[in-house]
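Trainee: I'd like to learn how to read strand pairing and helix packing. Could you walk me through an example?

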Amino acid sequence: MTANTIVSVRCIPMRLPFHHWSPPPLFAGRPRDKLDSALVRVETTDGTVAWGESYCVEPRALAAVFETLVEPLARGKDGSDDLLPVMQRTLHNLGRSGPVVHALAGLDIALWDLHAKRAGVPLYQLLGGKRRDRVRVYASLLQYYGDAGRLHEVASRAQDDGYTEIKLHERTADALAAVRRTVGPKVPVMVDTNCAWLPDDAQAQIAAMLPHDPYWIEEPLWPPEDDGALARLQQACPVPLAVGENASSAYALQRLAEQGSVRYVQPSVIKLGLTAAWQLAQRCNGSATVCAPQVAFFGPGYLASLHLIAAQQTEVSLERLYVELAHVPYAHSVPIAHGWVRVPEQPGLGADPEPELAEGLYRN
């Protein structure tokens, strides 16, 4: 046993209550008033504590995966670079997407935090160094179901808070038009449709949005894995397409990048892990495809995405869900100011979760 031997791995659900100045949006047909992920706490023999974050659609399921699979396999092992690949191969027959993969993604982020803390350097140094000291942040609005009045109100609020880029989770040209009237002609406005259209319908829907100058159209197609349909749609549309949040695996995203099927690929580090997301960013170097991580979360995965964007070749903005949280993680340690966030210089991810989060205050 060495100082780097893992003695515990804990899953701590983090269900942050939020308000978005409107009745709660629907998720799986039910009102949604919490944003869910899970903290992953890794401790080694010498008392070093590292943090990751996993996608968590059902806390009981993810906690069971950690308790019965991840923690027993990781405990007693050295937290070295080869631990995660061994665990991925050991558990591969349980699925290449879903809660097991999401759990391993959180462990992967924690291992990066661990390695950087042990080296005494910010995580970006392990990615080859930072290319920028600060990163622009865009306000990612939740869905307002085309309500022009609410879209105007919230987009105006985001601008007043210093954001200079906006993303919508809407599906109509009218919704985009309402926000374009609010923010003016020069503000980038992205549109995430959450896989709204079948391939035969998408081109006409996007054409209706073109007069309002969308910066990109995100997740336009169902099913999201149809790379052939995505490539055909991108060839037919003058606006860039962005996909990746719903990718079934890192391999699926690599195929999209290598084939140039879309202009932006969007790995989620809390679903795929930082290792896979960074490998994807490297594959995009020198190509027409840009890595622009999806970041609809607030914990260690948010900071991991910040380090990735700071280190990757092409500059992109960092997504920030624009809501009012009951608790804002890293509000003081890694604050967003005037639409920008500085890349932290402390070892590891740059900050640990606040004690109330680490102790599970928002686990239910």
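Mentor: Let's begin with a definition: two strands pair if DSSP finds at least two bridges between them. Keep in mind that this is a predicted model. Here, strand β7 (residues 166-168) and strand β8 (residues 189-192) run parallel and are joined by 3 bridges. Within that pairing, I166 stands opposite V189 in β8.

Trainee: Which strand do 2 bridges join to β8?

Mentor: That is strand β9 (residues 217-218), which runs parallel to β8. There, D192 has E218 as its bridge partner.

Trainee: Which way do the residues of β8 point, and are they buried or exposed?

Mentor: V189 and V191 point one way, while M190 and D192 point the other way. All of them are buried.

Trainee: What do the helices between these strands make with them?

Mentor: Helix α6 (residues 173-183) makes a right-handed β-α-β unit with β7 and β8. Likewise, β8, helix α7 (residues 199-209) and β9 make a right-handed β-α-β unit.

Trainee: And how do I describe the packing of α5 and α6?

Mentor: Two packed helices are described by the angle between their axes and the distance between those axes. Helix α5 (residues 148-160) packs with α6 at an angle of about 40°, and their axes are 9 Å apart. Angles under 35 degrees would count as roughly parallel, so α5 and α6 are oblique to each other. Their crossing is right-handed.

Trainee: Which residues of α5 and α6 meet?

Mentor: From α5 come A148, L151, H152, A155, S156 and Q159. They meet A175, A178, V179, T182 and V183 in α6.

Conventions:
Residues numbered from 1 in each chain as written. Predicted model: local features only at pLDDT ≥ 70, side-chain atom pairs only at ≥ 80, totals over all residues. Heavy atoms only, no water. Buried < 20%, exposed > 50% of the residue type's maximum accessible area, 1.4 Å probe, protein only. Helix = DSSP H or I, 4+ residues; strand = E, 2+ residues; numbered from the N terminus. Right-handed = clockwise from strand over helix to strand, strands pointing away. Axes fitted to C-alpha atoms, helices over the stretch in contact; angles between N-to-C directions. Parallel < 35°, antiparallel > 145°, perpendicular 65-115°, else oblique. Left-handed = near helix turned anticlockwise from the far one by under 90°. Contact = heavy atoms within 4.5 Å.
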